[in-house]
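I open this notebook to record what I looked up in the structure, entry by entry.

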Amino acid sequence: MSQPVMMPAAQEDFDNLDGSLKSSVSAGLLKLQKDALKLSGPLSGNLSQFRKIAVGKKSLRIIFRYFDHLDLVVVFVIGWRRNGEVYRTAAERIREDLQG
């Protein structure tokens with residue numbers, strides 16, 4: 001599998017993390033590169049086409065979409081799990097992308 005592709009907003013999420021969290025996220029991205037489907041979990045509802053992986057002592061989530069026919073991981077959000085924050089951010093970004 002190729003290296004995960006970061007959407008610009010996800011890259012900004014990554015850039016805003018401190019060093020230790022960047023290391024955790026980088027390790028998570030490497031896992032996705034090896035076997036994205038096996039090492040992640042599906043989301044539901046309006047995010048049902050997306051998957052998640054926990055990183056940083058399970059306090060952060062990487063939200064991504066896997067395109068099977070391309071064997072490609074596209075990261076949409078890197079954020080805190082607390083109070084569903086990362087999932088709300090993902091839904092907002094997807095809605096914005098659809099509106100163009």
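Which residue forms a salt bridge with glutamate 85? I looked this up in what is a predicted model, and found that the partner is arginine 82, with the closest N and O atoms 3.3 Å apart. I then checked the exposure of both residues. Glutamate 85 is partly exposed, its relative accessible area being 30%. Arginine 82 also counts as partly exposed, at 47% relative accessibility.

Entry on the remaining salt bridge. I counted two salt bridges in the structure. Besides the pair above, I noted that the side chains of arginine 93 and aspartate 13 meet in a salt bridge, with an N to O distance of 2.7 Å. This pair links distant parts of the chain, since arginine 93 lies in helix 3 (residues 85–99) and aspartate 13 in helix 1 (residues 8–15), 80 residues apart.

Entry on aromatic rings. I found one aromatic pair in the structure. The ring centres of phenylalanine 50 and phenylalanine 76 are 5.0 Å apart and the ring planes stand at 90°, so I recorded the pair as edge-to-face. Phenylalanine 50 is in the loop between strand 2 (41–42) and strand 3 (51–55), while phenylalanine 76 is in strand 5 (residues 72–80), so the pair ties together parts that are 26 residues apart in sequence. Both phenylalanine 50 and phenylalanine 76 are buried.

Entry on nonpolar cores. I looked up which residues of the largest core touch the most other members. In this core of 18 residues, they are Val25, Leu32, Ile62, Val75 and Ile78. I noted that at least two residues of the core come from each of helix 1, helix 2 (19–35), strand 3, strand 4 (60–67) and strand 5. Another core, of ten residues, lies apart from it, and I listed Leu43, Val74, Val86 and Ile94 among its members.

Notes:
Residues numbered from 1 in each chain as written. Predicted model: local features only at pLDDT ≥ 70, side-chain atom pairs only at ≥ 80, totals over all residues. Heavy atoms only, no water. Phe/Tyr/Trp six-rings, centres within 6.5 Å; stacked < 30°, edge-to-face > 60°. Helix = DSSP H or I, 4+ residues; strand = E, 2+ residues; numbered from the N terminus. Buried < 20%, exposed > 50% of the residue type's maximum accessible area, 1.4 Å probe, protein only. Salt bridge = Lys/Arg side-chain N within 4 Å of Asp/Glu carboxyl O. Core = buried A, V, L, I, M, F, W, Y, C linked by side-chain atoms within 4.5 Å.
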